[in-house]
Amino acid sequence: MQLLPRLCMATGKGDGDGEANGGSGKLATAVSSSSSTVSTSSSAAAAAVSEASSSTSLPSLPTLSAAASATLAASFVHVTTFLPLSGSTASSSAAAAVVAAGDSLHGLVVARPASVSLHDLSTLESTSTSDAAAATAAAAAGSVKCAAHLHHHGGGAAAVTGHQDGRLRLWRVSSRSPANLRLAAALPTVADRLRRFPVPSNHVTVRRHHRRLWIEHADAVSGVAASADGRLLFSVSWDKTLKIWSLPSLRCLQSLPAHDDAVNAVAVAPDGTVYTASADKRVRVWAPRPAGDKPRRAPGKKHRPAYHLVATLSRHTAAVNALAVGCGGQALYSGGNDRSVVVWEREDSASHMVAIGALRGHRRAVLSVACAAGGLVVSGSADQAVRAWRRAADGRGYACVAVIEGHGAAVRSVAAAPVPAPLKRPRGGGGGEEEEEWRVCSASFDGEVRVWSLRVASGL
């Protein structure tokens with residue numbers, strides 16, 4: 001399998017990706033540790049793309065044009081750090097935090113075994129926190145593997161977390177006490193389990209001499225995502241399955257054997273298309289069946305929508321760990337152990353995504369990817385760094401605008417959201433430049449969740 005070409009090769013601290021010193025395929029970026037600023041010079045912009053050495057490789061994407069790159073500059077500032085609760089062991093994997101952000105700025109979820117909290121990114125204040133009883137119950141479930149923000153759910157803020165014990169936990173803001181985040185349910189619910197248990201066909205063999213209900217995950221829940229309307233929830237697990245849940249009824253609607261190895265991530269596009277990523281090096285695409293297409297007899301068959309496999313995307317050369325959907329569902333980003341973020345785009349002639357290139361620069365496995373409005377893509381890696389990539393307005397190129405360092409362990413989760421009313425400050429005495437600002441959040445295995453302010457200025 002041929003390696004994907006680079007979209008851009010931003011320098012940080014000696015990327016271990018085989019960059020040639022002084023080669024024409026190198027995007028020159030200057031990283032200033034004193035001011036935390038990354039700027040792109042116009043002379044290097046013309047040689048921003050490294051062409052693939054093999055003619056059979058995918059064509060490289062062009063980077064930002066020289067005119068735009070000449071004035072492209074970014075700066076980031078560490079704003080705050082959310083530390084683990086006192087008495088917890090920050091170095092243990094059980095203390096690792098997970099960050100997830102919704103489409104709005106008011107959607108930061110910080111999840112730990114001992115607590116779950118919602119934060120307002122504009123003020124960085126905690127708006128709701130789980131109480132002691134709920135935290136104790138969640139802590140018994142083992143480490144938190146994933147988290148997601150739920151929209152349009154019962155008229156109030158809500159979140160869902162996936163745990164080591166194979167269960168999902170739904171959290172809702174209390175109507176009586178908005179500062180309290182209560183544990184609303186654990187999925188599958190007791191009612192759903194009792195409803196399925198008497199029927200023999202609802203029991204499946206998960207391993208030799210061990211059977212479970214098909215609505216239960218048999219291993220850790222590694223990824224969770226909600227549909228845009230908040231009515232469906234999708235979870236994936238190391239048990240190789242994708243499960244679909246109805247949030248109004250809290251019932252499991254469907255369970256699909258998704259991959260040949262552990263499933264590590266799931267993402268949902270606005271149109272309902274679901275993407276799953278696995279240690280089998282593949283990304284798979286799932287879509288609801290047409291109304292007139294009846295699936296074969298199976299558990300949960302009478303519930304709609306019933307999802308089916310549309311396509312298998314194979315471009316990674318190692319396990320795929322992370323997924324993110326951007327550009328209103330027109331772009332997909334997948335990060336893996338091959339240290340790259342593969343960029344996929346929807347083609348009019350295809351019913352799925354087509355790989356167009358890869359973002360490279362991380363020195364170790366990419367563990368997390370997130371998108372934000374304004375063409376920002378953020379990736380977190382086992383190299384303890386967060387990289388911010390900016391998509392060109394015309395969609396024909398990317399540039400690494402920042403390499404954010406500061407964590408003492410691998411970055412396991414990232415999130416990003418634009419600050420309302422993008423700042424438009426004249427720079428250098430009114431140079432006609434526009435400045436946009438994002439909040440970038442990163443959670444690592446050191447137990448810390450860090451919040452950064454990322455500003456990108458470019459000439460109009």
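Predicted model: local features only at pLDDT ≥ 70, side-chain atom pairs only at ≥ 80, totals over all residues.
Student: How many helices and strands are in the protein?

Tutor: The protein has four helices and 33 strands, where helices (H or I, at least four residues) and strands (E, at least two) are DSSP runs numbered from the N terminus.

Student: And what share of the residues is buried?

Tutor: Of the 460 residues, 54% are buried, a word that here stands for under 20% relative accessible area, with exposed for over 50% and partly exposed in between (1.4 Å probe, protein chains only). The accessible surface of the protein is about 19,100 Å², and carbon and sulfur atoms hold 51% of that surface; the areas come from the Shrake-Rupley method with a 1.4 Å probe, and for residues only the protein chains shown count as cover.

Student: Let's go to β29. Is it buried or exposed?

Tutor: Strand β29, residues 385-391, is mostly covered, since seven of its seven residues are buried. Ala385, Arg387, Trp389 and Arg391 point one way from the strand, Val386, Ala388 and Arg390 point the other way, and all are buried.

Student: Why the two directions?

Tutor: In a regular strand the side chains alternate between the two faces of the sheet.

Student: Which sheet order includes β29?

Tutor: The order is β27-β28-β29-β30, in an open sheet of four strands with antiparallel pairing, and two strands are taken to pair if DSSP finds at least two bridges between them. β27 (366-372) and β30 stand at the edges with a single partner strand each, so one side of each is left without a neighbour in the sheet.

Student: How is β29 joined to β28?

Tutor: Strand β28, residues 376-381, runs antiparallel to β29 and is joined to it by five bridges, with Ser379 standing opposite Arg387. The hairpin of β28 and β29 has three residues between the strands, and Gln384 takes a positive phi near 70 degrees there.

Student: What about the pairing with β30?

Tutor: β29 pairs with β30, residues 398-405, in the antiparallel sense over seven bridges, in which Tyr398 is the bridge partner of Arg391 and Glu405 that of Ala385. Six residues lie between the two strands of this hairpin, and Gly395 in the turn has a positive phi of about 75 degrees.

Student: What does the side chain of Arg387 reach?

Tutor: Arg387 is buried, with a relative accessible area of 1%, and its side chain reaches the backbone oxygen of Gly361 at 3.1 Å.

Student: Switching to β20, why is it called largely enclosed?

Tutor: Five of the five residues of β20, which covers residues 274-278, are buried, so the strand is largely enclosed by the rest of the structure. Val274, Thr276 and Ser278 point one way, whereas Tyr275 and Ala277 point the other way.

Student: Which residues pair up around it?

Tutor: On the β19 side (residues 263-268), five bridges join the antiparallel strands, and Thr276 is the bridge partner of Val266. On the β21 side (residues 283-288), four bridges join strands that also run antiparallel, and Val285 is the bridge partner of Tyr275.

Student: And the turns, which residues have a positive phi?

Tutor: In the hairpin of β19 and β20, with five residues between the strands, Gly272 has a positive phi of about 95 degrees. In the hairpin of β20 and β21, with four residues between the strands, Lys281 has a positive phi of about 75 degrees.

Note on methods: Residues numbered from 1 in each chain as written. Heavy atoms only, no water. Polar contact = N/O pair within 3.5 Å; in protein donor to acceptor, adjacent residues only side chain to side chain.
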